[in-house]
Amino acid sequence: MKVGIIGLPQTGKKTLFQILTGNEIKEPSKAFKPLPGAADILDSRFNKLVEMYEPKKNVRARIDLVLLPKMEAETISKGEIFRDIADMDAICHVVRAFEDDAIYHAQGSVDAIRDFEMVNSELIMHDQIFAEKRIERLEAMVKKIKDEDQQKELALMNKLKDTLEVEKPLRLIELMDDEEKMIRSYPFITRKKLVIAVNVSEDDLGNEVLLSSFKQSCETQEMEVMLVSAKVEAEIAMLDTQEEKDEFLEDLGITQTALESLTKLCLKSLNLISFFTVGKDEVRQWLVRKGAKTPQAAGVIHSDLERGFIRGEVFKYDELMEAGSEAELKKGGKIYVEGKDYLVEDGDILNIRFSV
């Protein structure tokens, strides 16, 4: 599952990518090539479980991130940027809202809403052009041979085009399974989930007015939005200990880093949830599709666990923290035995029983 990071020049997306992945970018020659990386899922629940169990080994879940070429005239005219975006499962659009005279702005001034809407328009236009070309081709084919599947696709394409013409993304349309199958291989970008990361100065981290100016558009277009300060995150990343980082956050009045919030939104956009396995040997975080049942979660750990699944012992993170230990949970009858139809919830701690 890949999240592509996009944005106009000088938005801070490269800095965020470097902080998230730990990949230092030095080669300007790669400016027009996608740069892959992987980021740890930052989750305070994982930290608490490691503190509680003191395991020999701990493993965070990771998410694949790809820094895509900046959206400027050259990459847009060539169209390569859109092919790169089409390969992603979700998109994180970094929008600049910070003022800095030392960093130029491609549009001559900082206007976050303008830039946000401009990029949205480019993505919608890309999909509209593709839909129109596909309609032309289908109409020509239907004139020659009355094929039922082609007629169905033509009707669907016209429905998609109508939505795009009123500048609405395709993710707003609910498609039937057969319709989804028809367009699965097509490079529609606005079907993908979109996270908006508004890159602000330290002073604007709590700017609710700025955040609310994005929220209305984002809610109506099914996007997630948050404020992040790449500059502040870079300063946090340079601190040596977790204690120093916690003190820094406390001084700023922040309960968690923006990067923790950002990875959570990326997971949400990919329809993924976290579950955990715990013990003295290892504490590990796993990712699974929302709506997955216990055997599917077992299969994420190892295919043998899914194949030979018998039952799952489940306990809840919040209840474990409240009880203070597994022993206390057992006394309270809060370790649950679940079968193959149990839907795994975010934060569940699983112990899989199996036989192969």
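Two strands pair if DSSP finds at least two bridges between them. Helices (H or I, at least four residues) and strands (E, at least two) are DSSP runs, numbered from the N terminus. This is a predicted model: local features need pLDDT of at least 70, side-chain atom pairs count only at pLDDT 80 or more, and totals for chains, interfaces and linings use all residues. Residues are numbered from 1 along each chain as its sequence is written, and side-chain values use heavy atoms, without hydrogens and water.

**Exercise 1.** Find the order of the six strands in the open sheet, then its edge strands.

*Solution.*
- Order: the strands run 3-9-8-12-10-11, with mixed pairing.
- Edges: strand 3 (57–59) and strand 11 (336–338) each pair on one side only.
- Twist: the average is 35° from one strand to the next. Axes are lines fitted to C-alpha atoms, for helices over the stretch in contact; angles run from 0 to 180 degrees between N-to-C directions.

**Exercise 2.** Describe how strand 10 joins strand 11.

*Solution.*
- Strand 10 covers residues 309–316.
- Three bridges link strand 10 to strand 11, and the two run antiparallel.
- Glu 313 stands opposite Val 337 of strand 11.

**Exercise 3.** Describe how strand 6 connects to strand 7.

*Solution.*
- Strand 6 (residues 193–199) and strand 7 run parallel, joined by six bridges.
- Leu 194 has Met 223 of strand 7 as its bridge partner.
- With helix 8 (residues 208–220), the two strands make a right-handed β-α-β unit. Right-handed means that, with the strands pointing away from the viewer, the path from the first strand over the helix to the second runs clockwise.
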